[in-house]
Amino acid sequence: MLLGQLDLEKPFALSADAVLSPYVFVFYASFIVAFLFTPIMRSIAIHYDIVDRPDGARKMHRMPVAYLGGVAVFLGWLIGLAISQALQLHYWEPGLPTRIDILLPVVFGAVLIVVLGLLDDIRKRGISPMFKILGQMTAAFALLLAGVGDELTEPFFRNLNARLFLYFGYGFTPDVLALMVKFSSGALTVAIVVFCCNATNLMDGLDGLCGGVTSIIALGYVAGMVYLAMYSGVEDSNPAGFRVVLALALA
């Protein structure tokens, strides 16, 4: 029996349990690795004096706090993705892939962001803001090359074009519309990556604040990605499963 197989005469919909149950080990593995490596990275940071010292302005902690906690989180995230390769998709049919395809540009972008943050923590004076932004933009371009976010604005422009034809009798040609979608989606994807990276970086002025906020966000991602996977057909089960795995590993 195929997990999630449904009566074709009914609207396609899986339960949340049917989507989550094949991937729950991703969460367990990521949590255990992050839990075990956090004190290890803390000890390494203290030994080599890689600490965040209070400045009385943005950094509100009273005592120096060890850096490198993000490395433990990242290791857990990577292990979660690795574990997903041994798991079966939440929905599949004979003749179609039964395992999640990991988009390597997504992993490359994540590695690049972590390396930038690590360099910023290790160097006494950090790295220049321009160098950070260029690295973040490179990570965003890697996502775009993998097709992630390259059609973000398509619904907006498609509806706008429909309204133009409805009210004025003319609109954008398909080629012009496609060009507008590509450029605007690319710009929006880059802006989102750069904004989110720097937003989390600016939150890191109080010990535990960034981790706490992003964990809540990650749980929101899990709920959203599971909901999308519940209503995605078998043709979209691979990207839908990949999104769930990414969210679980981060959570």
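Colleague: Arg158 and Glu154 are both in helix 6; about how many helical turns separate them?

Modeller: This is a predicted model: local features need pLDDT of at least 70, side-chain atom pairs count only at pLDDT 80 or more, and totals for chains, interfaces and linings use all residues. Residues are numbered from 1 along each chain as its sequence is written, and side-chain values use heavy atoms, without hydrogens and water. Helices are DSSP runs (H or I, at least four residues), as are strands (E, at least two), numbered from the N terminus. Arg158 and Glu154 are four residues apart in helix 6, so the separation is about one helical turn.

Colleague: How far apart are the closest N and O atoms of Arg158 and Glu154?

Modeller: The two form a salt bridge (a side-chain nitrogen of Lys or Arg within 4 Å of a carboxyl oxygen of Asp or Glu). Arg158 counts as partly exposed, at 42% relative accessibility. Their closest N and O atoms are apart by 2.8 Å.

Colleague: Which residue forms a salt bridge with Asp120?

Modeller: Start from Asp120, in helix 4 (residues 104-122). The partner is 12 residues away, in helix 5 (residues 129-145). The closest N and O atoms are 2.9 Å apart, and the partner is Lys132.

Colleague: Is Asp150 buried or exposed?

Modeller: Asp150 forms a salt bridge with Lys182, with the closest N and O atoms 3.3 Å apart. Asp150 lies in the loop between helix 5 and helix 6, and Lys182 is in helix 7, 32 residues apart. Buried means under 20% relative accessible area, exposed over 50%, partly exposed in between (1.4 Å probe, protein chains only). The relative accessible area of Asp150 is 19%, so Asp150 is buried.

Colleague: Which residues does Leu246 contact, leaving aside neighbours within four places in sequence?

Modeller: Leu246 lies in helix 9 (residues 237-250). Contact means heavy atoms within 4.5 Å. With those neighbours left aside, Leu246 is in contact with Trp77, Leu81 and Val106.
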